[in-house]
Amino acid sequence: MTDIRPAAPPAATAAAAPMGRTEWAMLGLLALIWGSAFLFIKVAVQDFVPVTYVWFRLVIAAAALAGGLALLGRPLRLPWRVWGAIAILAILNNIVPFMLFGWGQQHIASGLAAILQATTPIFAVLAAHFLTVDEKLVVRRLVGVLVGFAGVAVMIGPQIVGDSGNHLVAQLACLVGSLLYALAGIFARRFQAMGVAPLQLAAGQFVAGAIMLAPVALLFGQPFDSLPTSWQAWGAVAVLALVCSAFAYIVFFRLLERAGATNSMLVTLLVPPIAILVGAAVLGERLSINQFAGLGLIALGLAAIDGRLLSWLRGGRPRRAA
């Protein structure tokens, strides 16, 4: 999840399966990877302009995933009609949100960016009500959406009056990025009918994104003679591409197969606390009281949308999310 959250797979409405130690370990690994990703984004955009950082991230991730599929004997050969849809997905799920979060983290703390990205499932529930026929709002989900947006208001409300710089705009940019992730998740549902396997979809969107962004990066990004020379900047981009994108996709789709989509999306609740802790430990970042309060409300909203917390509190069996 995260400028790091992949588009929801075609099986996004699959029932939750029981979680054993292996599945919980995979979930924890994903949360650690995606929670730490905000730190690496913060490091990368200190030396790269966002469009250049994003392009290198897409190129490296595309090479890793496409190369891996080729080694497995599953080359990335898809019909031309599929590539058009993948190009749209790359714009919604990679190019634009990656740049929005990259630019946003030049102005706000990495932990705050992670909290704002946690709104993705909230946007997804709302968007699905209007854009799908089988995922309409029910009372529980509507309450979760309202509580989640109340959390956003608590976080950014104090910035609306008297904001003297890009702090508010950066938060809004991250919210727009989260909305695009949500729309990408809904758009990605069509690929099951097209016969596109999840890892093909993951590799394809990085390949398409790298190709489409290339002319923009060359025209408006950093000139090659001004690219950073520090190992920290290049290391951050490499980790984001190879670990937080390529490897994380493999773990995420494997977790989907073993535990179902509902359990897999629990990672959304785990990423912000990890990002906050990592940002505080490594970068010395500190969040305000209202931002922690907003995180609490967003987490409560996500729990309401998921539905299992309410079932546990009632002493009943966890039920499948509606």
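Is leucine 29 buried or exposed, or partly exposed, and why?

Reply: Leucine 29 counts as partly exposed, because its relative accessibility is 34%, and the cut-offs put buried under 20% and exposed over 50%. The model is a predicted one.

Leucine 29 sits in helix H1, which covers residues 21-44. On the surface, Leu29 belongs to a nonpolar patch together with Leu242, Val243 and Phe247. The accessible area of these four residues together is about 300 Å². Helix H9 (residues 231-264) supplies the largest share of the patch, with 3 residues.

A charged pair also involves H1 and H9. Glutamate 23 forms a salt bridge with arginine 258, and their closest N and O atoms are 2.7 Å apart. Because arginine 258 lies in helix H9 and glutamate 23 in helix H1, the pair ties together parts that are 235 residues apart in sequence. In general, side chains of opposite charge can pair when their charged atoms come close. The two partners fall into separate accessibility classes: glutamate 23 is buried, with a relative accessible area of 8%, whereas arginine 258 is partly exposed at 32%. The structure holds 1 salt bridge.

Now the setting. Of its 322 residues, 53% count as buried. The accessible surface of the chain is about 13900 Å², and carbon and sulfur atoms account for 70% of that surface. Contacts between residues at least 6 apart in sequence were also sorted by separation: 87% of them join residues at least 24 apart.

Other parts of the chain can be described in the same terms. Asparagine 94, in helix H3 (residues 80-104), is buried because its relative accessible area is 1%. Once neighbours within four places in sequence are left aside, asparagine 94 is in contact with Leu58, Leu89, Gln205 and Phe206.

Lysine 136 is placed in a loop, between helix H5 (120-131) and helix H6 (139-160). With a relative accessible area of 38%, lysine 136 is partly exposed. From lysine 136 to leucine 126 the C-alpha distance is 8.4 Å, and the two are 10 residues apart in sequence.

Helix H11 (residues 289-306) has 18 residues. From its first C-alpha to its last, H11 reaches 26 Å, close to the 26 Å expected at 1.5 Å a residue. The buried residues of H11 include Asn290, Gln291, Gly294, Leu295 and Ile298. Gly301, Leu302, Ala303, Ile305 and Asp306 of H11 are buried as well. Just after H11, glycine 307 has a positive phi of about 90°.

Finally, the cysteines. Cysteine 174 counts as buried, since its relative accessibility is 0%. Cysteine 244 is likewise buried, at 2%. A search of the whole structure finds 0 disulfides.

To return to the part asked about: leucine 29 is partly exposed at 34%, and its place is in H1. The nonpolar patch that includes Leu29 also takes in Leu242, Val243 and Phe247, while the salt bridge between glutamate 23 and arginine 258 ties H1 to H9.

Notes. Residues numbered from 1 in each chain as written. Predicted model: local features only at pLDDT ≥ 70, side-chain atom pairs only at ≥ 80, totals over all residues. Heavy atoms only, no water. Disulfide = S-S within 2.5 Å. Buried < 20%, exposed > 50% of the residue type's maximum accessible area, 1.4 Å probe, protein only. Helix = DSSP H or I, 4+ residues; strand = E, 2+ residues; numbered from the N terminus. Expected span 1.5 Å × (residues − 1). Contact = heavy atoms within 4.5 Å. Areas by Shrake-Rupley, 256 points an atom, 1.4 Å probe, with all protein chains shown as cover. Patch = residues over 30% accessible without salt bridge, like charges linked within 9 Å, V, L, I, M, F, W, Y side chains within 5 Å. Salt bridge = Lys/Arg side-chain N within 4 Å of Asp/Glu carboxyl O.
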